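Here's a quick briefing to read alongside the model. Have the sequence and the 3D view open as you go.

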Amino acid sequence: MVPRYTTAEEAVKLIKSYDHVYVQGSTSIPEVLIDALTARADELRGVEIYSAFAVGKRDAPYAEPELRDSFIPKTIFIANCIRKAVNRGDAQIIPVLLGQAPSLFREKYLTLDASLLNVSPPNKDGFCSYGISADMAVSAVECSRIKIAQINKQMPFSYGDALIHISELDACVEVDEPLVEVPSNIPTDEEISIGRHIANLIPDGATLQIGVGGIPNAVLGALTGHRDLGLHTEALTDGVLPLIQNGIINNSKKKILPGKNVASLILGSKGLYEYLDYNEDFIIKDVAWTNDPYIIRQNPKVMAINSAIEVDITGQICADSIGQRMFSGVGGQHDFMYGGSLSEGGKTFIAMTSTSAKGHSKIKPVLSEGAGVVTTRSQAQYIVTEYGAAQLKGKDLAQRARALIDIAHPSVREELEEAACKRFGYRFIHTR
């Protein structure tokens with residue numbers, strides 16, 4: 001089959017009213033195709049658009065209030081480009097563990113008619129790469145009858161699951177569009193302290209899962225004296241490059257894909273994307289595989305490092321909402337917290353500053369009204385703030401409260417102690 005090159009406007013005519021459409025995510029939203037589809041709003045009705053974790057250049061144009069009858073946006077993770085629409089009620093989130101999200105397509109809980117992709121130019125054998133976004137794209141393409149792609153000169157070619165032969169594409173649109181860049185956060189003094197606390201608990205030979213932002217960068221910056229680390233993560237960022245280039249991350253102790261850096265999506269700088277291009281040291285996999293706890297557990301000493309919006313004094317972890325307002329999603333936190341806990345020598349961390357940007361304590365007597373529990377108290381191990389690391393595994397509720405109060409901001413410790421005394425009584429008072 002000869003690939004069908006055409007314009008974006010012609011390509012999206014393959015999508016009809018009431019179709020269900022997947023839009024690729026990470027930092028590679030196919031914006032040219034999105035604009036062409038949105039331009040057809042007057043002639044379309046009830047097109048359901050599914051998305052996942054993504055960093056957009058702008059708010060999703062198809063999620064504007066005036067287009068409610070044309071498009072029905074749904075997402076499994078509230079990205080920056082869809083957050084306003086979700087909180088207006090113009091879009092909805094589907095709660096699901098990220099590692100299980102592909103099963104929504106494969107087991108037909110959600111049916112798909114089309115996928116909109118942003119892929120690399122074909123290699124010498126005719127294969128295009130999804131580059132920086134295998135995550136849900138692999139399962140979506142597998143389950144779509146129509147596949148429409150931007151063939152983007154700026155998309156790196158990555159190895160692993162994220163490949164499609166150009167002959168399988170129903171329409172191809174040539175573009176030369178920069179990918180979204182996510183600058184590396186410079187850690188604050190508090191984040192640097194958190195990074196050191198966590199790094200001190202990470203042994204040589206560990207396998208890292210690490211997220212995005214100032215705290216992950218602080219952890220990575222504190223690992224320069226370690227040896228023989230491995231990488232098996234959901235999201236890969238610029239922060240890992242110095243450790244890879246200096247041989248600190250060499251994947252020599254991993255059991256799953258030894259010698260390879262494993263991720264499901266990439267987000268970072270243009271330099272990171274260029275480093276990834278045709279680099280066989282990186283394997284980009286379907287998120288159903290990278291986030292499978294029974295795959296994760298096979299690596300030794302898995303160190304799963306995630307974050308939270310707030311934690312209560314028993315160790316319940318909220319990471320997806322601010323009270324009743326949805327903010328993000330479950331993501332892969334649960335997948336790696338569980339997989340890490342099953343790994344031989346594994347440890348799991350929830351890392352956060354003790355207070356929010358507005359100065360509110362993130363450690364609370366009870367979670368805010370409406371806050372969702374992403375990780376249960378039974379799964380919590382280390383909670384880390386700039387004041388130290390509270391190890392909760394094996395502790396009763398009164399002991400947990402004491403450990404968490406010790407790492408809370410000093411200004412709220414008395415308030416938390418009063419709440420713990422009221423809740424746990426004698427056992428808390430005599431816990432040290």
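Predicted model: local features only at pLDDT ≥ 70, side-chain atom pairs only at ≥ 80, totals over all residues.

Residues are numbered from 1 along each chain as its sequence is written, and side-chain values use heavy atoms, with hydrogens and water left out.

**Cores**
- The largest nonpolar core has 65 residues; a core here is a set of buried Ala, Val, Leu, Ile, Met, Phe, Trp, Tyr and Cys residues joined through side-chain atoms within 4.5 Å.
- Buried means under 20% relative accessible area, exposed means over 50%, and partly exposed is in between (1.4 Å probe, protein chains only).
- The residues with the most contacts inside that core are Y130, I198, I202, L208, L223 and I266.
- Helix α5 (residues 137-143) gives the most to this core, with four residues; helices (H or I, at least four residues) and strands (E, at least two) are DSSP runs, numbered from the N terminus.
- Skipping neighbours within four places in sequence, I202 is in contact with L208, V219, L223, H226, M303 and I305, where contact means heavy atoms within 4.5 Å.

**Cysteines**
- You'll find zero disulfides in the structure, a disulfide being a pair of cysteine sulfur atoms within 2.5 Å.
- C81 is buried, at a relative accessible area of 11%, and C318 is buried too, at 0%.

**Pockets and cavities**
- On a 1 Å grid over the protein atoms alone, a cavity is a set of points where a 1.4 Å probe fits but cannot get out, a pocket is an open set with protein on both sides within 12 Å along at least five of seven lines, and lining residues have an atom within 4 Å of a point.
- Four cavities of 30 Å³ or more turn up; a volume is the space filled by probe spheres set on the points, with grid points joined across faces, edges and corners.
- The largest cavity has a volume of about 120 Å³, and of its 18 lining residues the closest to its centre are V23, I29, A60, Y62 and C81.
- By class, that cavity's lining has 11 nonpolar, four polar and three charged residues; Ala, Val, Leu, Ile, Met, Phe, Trp, Tyr, Cys and Pro count as nonpolar, Asp, Glu, Lys and Arg as charged, and the others, Gly among them, as polar.
- The second largest pocket comes in at about 170 Å³, with a lining of five nonpolar, one polar and five charged residues, including K153, E181, K270 and Y273.

**Helix α13**
- Eight of the 11 residues of helix α13 (residues 397-407) are buried, so the helix is largely enclosed by the rest of the structure.
- Among its buried residues are R400, R402, L404 and I407.
- The buried residues of α13 pack against elements including β18 (310-312), β24 (382-385) and α14 (410-424).

- A319 sits in the loop between β19 (317-318) and β20 (321-322) and is buried, at 14% relative accessible area.
- I146 is in strand β7 (residues 146-152) and is buried, at 8%.
- Leaving out residues within four places in sequence, I146 is in contact with L14, D113, A114, S115 and D170.
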